[in-house]
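Me: Got a model to go through. Can you take my questions one by one?
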Amino acid sequence: MDTTKNVMSILEELTGLNLANKMDVNLFESGLLDSMATVQLVMELEEKCQVSIPISEFNRKEWETPSKIIAKVDSLQ
């Protein structure tokens with residue numbers, strides 16, 4: 001499975017929504033992700049995409065939309 005499919009699958013699990021047509025929606029401002037869901041997102045991304053995401057370096061601005069998440073995960077691989 002590629003990065004986009006992994007990320008979109010994880011986001012659908014966490015939000016209950018298919019966000020394929022909303023790649024630039026701000027997940028935090030829209031209330032789709034809260035702090036608990038963010039921790040789950042990071043853990044799932046680390047497991048499924050085999051990347052390391054130090055929470056201490058997590059900047060919400062860099063992870064606020066599905067497209068930014070995909071780009072960030074790609075950059076970490």
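This is a predicted model: local features need pLDDT of at least 70, side-chain atom pairs count only at pLDDT 80 or more; totals for chains, interfaces and linings use all residues.
Me: How far apart are the mean positions of the positive and negative charges of the protein chain?
Reply: They are 5 Å apart, for 7 positive and 13 negative charges. Lys and Arg count as positive, Asp and Glu as negative; His and the chain ends are not counted. Each charge is placed at NZ of Lys, CZ of Arg, CG of Asp or CD of Glu.
Me: How many helices and strands?
Reply: Three helices and zero strands. These are DSSP runs, numbered from the N terminus: helices are H or I with at least four residues, strands E with at least two. The radius of gyration is 11 Å, close to the 11 Å from the globule rule for 77 residues, so the chain is as compact as a globular protein of that length. That radius is over C-alpha atoms; the rule is 2.2 Å times the number of residues to the power 0.38.
Me: How many aromatic pairs?
Reply: One, counting Phe, Tyr and Trp rings (six-membered ring for Trp) with centres within 6.5 Å.
Me: Why is the pair of Phe-58 and Trp-63 stacked?
Reply: Their ring centres are 5.3 Å apart and the planes are at 20 degrees, so the pair is stacked. Under 30 degrees is stacked, over 60 edge-to-face, the rest tilted.
Me: Are Phe-58 and Trp-63 buried or exposed?
Reply: Both Phe-58 and Trp-63 are buried. Buried is under 20% relative accessible area, exposed over 50%, partly exposed in between (1.4 Å probe, protein chains only).

Note on methods. Residues are numbered from 1 along each chain as its sequence is written. Side-chain values use heavy atoms; hydrogens and water are left out.
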